[in-house]
Amino acid sequence: MTGPAFGLDLRRSRTLIVGLVVVTALYAGFISVFYTNVVENAEQFESLLDAYPRELLVAFGLGEGSFADPGIFLSGYVFSFLWPLVASITAIALGTRVASDANRGFLDVVLSTPLRRVNHLLGSIGTQVVAIAIVALAMVTGVFVGDLLIEPNFPEDRVALSALHSLAFGAAIAGPTTLLAVVLLDRGRAAGIAAGVLVVMYLFNVVAALAPDVDWLSSLSAFRYFNLQGLIGRGEYPISDSLLLGVIAVAGWTMAIIAFRRRDLSA
Amino acid sequence: MPSIIEASRLTKSYGSRRGISDVTFTVEEGEVFGFLGPNGAGKTTTIRTLLGLLRPTAGRAAIFGLDVWADAPRIHERLSYVGSDPAYLGELTAGEQLDYVGRLRRLPKGSWRAVAERLELDPSVQIRKLSRGNRQKVGVVQAFMGDAPLIVLDEPSSGLDPLMQREFLALVSEVRTAGRTVFLSSHNLPEVERSCDRVGIIREGQLIEISPVQALLAGHWRSVNLVFGAPPPTGAFDLPNVQVVSATARDVHLMVRGDLNPFLRRLAELDVHDLSITTPDIEDIFLRFYDRDAPMQVDDAAGDAEEVAR
């Protein structure tokens with residue numbers, strides 16, 4: 001019975017997914033086109049950025065290195081900037097749907113049919129995975145389309161693999177968010193807490209980059225494990241980071257299913 | 001007849017908020033059972049507990065002999081439920097939502113069409129664009145599609161216009177004729193009076209009365225106004241279950257309950273010019289349970305005063 005639940009959830013998500021696909025692909029394509037200019041004017045760009053406080057650059061994911069490096073360029077302007085925002089929106093919007101359905105009474109209706117709770121939640125989780133994957137592919141497709149228009153080109157295979165790591169990052173947000181939604185059964189609170197935790201983790205990452213004595217803070221941040229400079233620039237896929245993010249996602253979803261199976265549905 | 005629903009000292013508490021306490025009742029097969037109470041009395045909590053959505057704090061409930069919490073999925077294979085606000089998925093059309101719920105209940109596609117046509121529901125309109133009454137129709141259609149042996153309705157007809165309410169009552173009647181069971185939570189008293197065999201009244205989380213609707217009506221006072229050609233003799237209404245409220249020379253207002261025959265035989269001996277009897281509707285009875293602080297003063301023929309709680 002997961003099929004009908006998945007189908008309905010995906011159908012309900014189509015507007016969100018299409019909207020995010022369009023925005024993400026357009027933004028990624030638009031930025032990618034500027035890579036040629038950045039390469040040709042790398043020195044001027046770097047001297048321009050030198051005028052800004054380092055804290056500000058770090059806060060926006062622009063650390064050390066040359067923007068002529070495709071890894072630093074794409075990571076700084078697309079993956080580390082655009083994707084955390086888009087992935088968070090997708091994961092929080094879809095991860096909290098079970099709470100939203102509880103709040104509007106729809107959960108009572110579907111769970112008073114032969115549909116089992118596990119199947120209902122699996123349908124929702126399936127939608128989260130598919131939606132995050134579609135938007136990640138749209139981002140990479142945007143980069144590819146921009147890439148067609150410029151010279152030199154990006155390393156396409158590495159850019160393509162970035163979608164996989166981006167999916168892991170989005171899933172690592174979605175899993176715990178789903179657990180929060182199941183535990184709280186209140187969309188507003190679950191979404192607020194998830195967004196708050198993400199902001200705190202982002203700040204941890206920035207502070208750790210600025211102050212080496214509190215570097216340990218970055219290990220508490222999901223953003224620490226979402227860095228694609230090495231993959232795109234040097235072809236080093238962050239296997240351990242991907243696995244860690246995947247484990248967090250699966251653990252969140254699994255705990256959500258366990259909690260939801262026997263949860264009293266009073267909010 | 002076997003009991004379809006059995007609740008025994010069913011209790012659900014939400015910590016500091018009141019839920020339900022020691023609710024005990026049964027619903028028999030083929031019965032339409034009305035569950036009356038104002039908002040916040042515990043009707044929806046009772047229903048959600050019966051549906052296995054809430055875990056009982058104490059007590060036990062069974063549907064089809066199965067425990068409502070432990071065996072919920074098996075119970076759900078044989079029931080149809082609609083909540084008080086069925087505007088669940090505004091982004092879908094009414095037909096899409098009905099198809100989805102029908103699919104979950106393993107009904108053939110389009111099982112809802114016949115009921116939708118009776119209620120004049122346009123299935124092609126997005127639910128968010130429907131009026132309140134039409135949204136309510138989506139819920140009613142959802143409840144009555146298919147042939148589940150048990151239909152659980154939580155305030156299903158609020159928002160329906162009088163014509164559609166009549167159609168709703170007709171649907172309930174057909175379901176009863178077919179031997180199916182209906183649990184109808186409502187604060188629409190005329191609806192309960194017309195459609196239910198028995199009624200349970202819940203107040204502040206506790207079931208305070210269970211009775212056949214007719215017995216509930218019969219067991220309560222009828223108001224009788226009489227005009228006589230000549231003043232009736234003293235003690236004319238010293239009868240069991242008759243209480244005089246007020247009397248002037250020729251006008252008498254009295255209350256009668258139970259068997260009317262002794263009273264009517266006494267009237268036949270008197271010179272009655274005019275007579276009106278007002279039977280209490282279920283709303284009066286319902287209010288009696290909710291308005292214990294408003295006693296009605298009734299004097300008997302000898303002038304004794306007696307308070308009868310209305």
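This is a predicted model: local features need pLDDT of at least 70, side-chain atom pairs count only at pLDDT 80 or more; totals for chains, interfaces and linings use all residues.
The secondary structure of chain A consists of 14 helices and 0 strands.

**Overall fold and dimensions**

- Along the sequence, the pattern of chain A reads α-α-α-α-α-α-α-α-α-α-α-α-α-α.
- The radius of gyration of chain A is 20 Å, close to the 18 Å given by the globule rule for 267 residues, so chain A is as compact as a globular protein of that length.
- The C-alpha trace of chain A spans about 65 × 45 × 30 Å along its principal axes.

**Burial and contacts**

- Of the 267 residues in chain A, 50% are buried.
- When contacts in chain A between residues at least 6 apart in sequence are considered, 78% join residues at least 24 apart.

**Packing of helices H2 and H7 of chain A**

- Helix H2 (residues 14-33) of chain A and helix H7 (residues 82-95) of chain A have axes that come within 11 Å and cross at roughly 175°.
- Because angles over 145 degrees count as roughly antiparallel, H2(A) and H7(A) are roughly antiparallel to each other.
- On the H2(A) side, the contact is made by A:Leu16, A:Leu20, A:Thr24, A:Tyr27 and A:Ala28.
- H7(A) contributes A:Leu82, A:Val86, A:Ile89, A:Thr90, A:Ala93 and A:Leu94 to this contact.
- The residues in the contact of H2(A) with H7(A) comprise 9 nonpolar, 2 polar and no charged.

Conventions. Residues are numbered from 1 along each chain as its sequence is written. Chains are lettered from A and ligands numbered from 1 in the order in which they are written. Side-chain values use heavy atoms; hydrogens and water are left out. Axes are lines fitted to C-alpha atoms, for helices over the stretch in contact, and angles run from 0 to 180 degrees between N-to-C directions. Helices (H or I, at least four residues) and strands (E, at least two) are DSSP runs, numbered from the N terminus. Angles under 35 degrees count as roughly parallel, over 145 as roughly antiparallel, 65 to 115 as roughly perpendicular and the rest as oblique. Contact means heavy atoms within 4.5 Å. Ala, Val, Leu, Ile, Met, Phe, Trp, Tyr, Cys and Pro count as nonpolar, Asp, Glu, Lys and Arg as charged, and the others, Gly among them, as polar. The radius of gyration is taken over C-alpha atoms; the globule rule is 2.2 Å times the number of residues to the power 0.38. Buried means under 20% relative accessible area, exposed over 50%, partly exposed in between (1.4 Å probe, protein chains only).
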